[in-house]
Amino acid sequence: KVVEYDLPRLKKVYGNELTNMLNVLVSHSGQNIEIQNLAQDLSISQNTTREYLNLLEKTHLISQVFNLGIGFRTRSTRMRKVYASSVNAVVLGSFQGLDSDLWQSGMGNVVETFVYNYLLRQSGTTDINFWRERQVKEVDFLQITAESKLPIEVKYQNQIRESDLSNLLYYCHKEKLRNAVVVTKHDHYIKTLDNVEISFRPAHTLA
């Protein structure tokens, strides 16, 4: 209703273009979005793509999260991830049912979207970013205040190996951080690795 009726009444936008964009973003929640590629996929201009993204964000249907690891760039040109504001919408838009072959492989994105929305509710004056370097190393979330920076990784899998935490540990050492959080499938403990205290918390304990 928002994209097909309300927004077209308030602004000069096309409901079908907004609907197509929202469907793409919801089904790819948590993935890196490049304006040029998104515009090409939707057959609209890059300026229109930016405008529609901002409209969807202002109506609280999506959130844009920006990369903290690429130096100074304007908001319009920075690498970003887009998260749907509704985890239910991600599930309904991405899977055909609980028996779908995509269910297990796609649960990581669903849980990552859930974690982002949890962090957003808890944020207050906290900024939420992600970090990516050289298209290889990445940390899912950075919870940043004036006094602290907390890296958070989502590892929704049956077994977490130390090698799975290499990017997280690399970032902690790079930024001289002593604490980090890993959101897990069921592991719940605190462990120190390479002088970094990591709190492992099951996703279902976040509320």
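A residue counts as exposed when its relative accessible area is over 50%, and as buried when that area is under 20%; anything in between is partly exposed. Lys-1 has a relative accessibility of 67%, so Lys-1 counts as exposed. This description rests on a predicted model. It covers the strands first, then the charged pairs.

Begin with strand S5, residues 137-144. How many of its eight residues are buried? Seven are, so S5 is mostly covered.

S5 pairs with strand S4, which spans residues 127-133. The two run antiparallel and are joined by six bridges. Asp-127 stands opposite Ile-144 in S5. S4 and S5 form a hairpin, with three residues between the strands. Arg-134 sits in that turn and has a positive phi of about 55 degrees.

S5 also pairs with strand S6, residues 149-155. This pairing is antiparallel too, over four bridges. Leu-142 faces Pro-151, a residue of S6. S5 and S6 make a hairpin as well, here with four residues between them.

In general, strands of a sheet pair through backbone hydrogen bonds, in a parallel or an antiparallel sense.

## The sheet of S1, S3 and S2

Three strands make an open sheet in the order S1-S3-S2, with antiparallel pairing. Strand S1 (32-33) and strand S2 (62-66) are at the edges. Each has a single partner strand, so one side of each has no neighbour in the sheet.

Five bridges hold S2 and S3 in antiparallel pairing. Phe-66 stands opposite Arg-80 in S3. Helix H4, made of residues 46-58, lies across S2 and S3. The helix runs at about 115 degrees to S2.

## Salt bridges

The structure holds seven salt bridges. Side chains of opposite charge can pair when their charged atoms come close.

| Lys-1 | Asp-6 | 3.2 Å |

Take Lys-1 and Asp-6, which form a salt bridge. Lys-1 is exposed, at 67% relative accessibility. Asp-6 is partly exposed, with a relative accessible area of 25%.

Lys-81 lies in strand S3 (residues 80-84) and Glu-138 in strand S5, so the pair ties together parts that are 57 residues apart in sequence. Are these two residues buried or exposed? Lys-81 is buried, with a relative accessible area of 2%. Glu-138 is buried too, at 16%.

This pair belongs to a wider group. Which residues are linked in a network of salt bridges? They are Lys-81, Glu-112, Arg-132 and Glu-138.

Lys-149 is partly exposed, at 25% relative accessibility. Glu-175 is partly exposed as well, with a relative accessible area of 29%.

## S5 in both pictures

S5 pairs with S4 through six bridges and with S6 over four. S5 also holds Glu-138, the partner of Lys-81 in strand S3.

Note on methods: Residues numbered from 1 in each chain as written. Predicted model: local features only at pLDDT ≥ 70, side-chain atom pairs only at ≥ 80, totals over all residues. Heavy atoms only, no water. Buried < 20%, exposed > 50% of the residue type's maximum accessible area, 1.4 Å probe, protein only. Pairing = 2+ DSSP bridges. Salt bridge = Lys/Arg side-chain N within 4 Å of Asp/Glu carboxyl O. Contact = heavy atoms within 4.5 Å. Axes fitted to C-alpha atoms, helices over the stretch in contact; angles between N-to-C directions.
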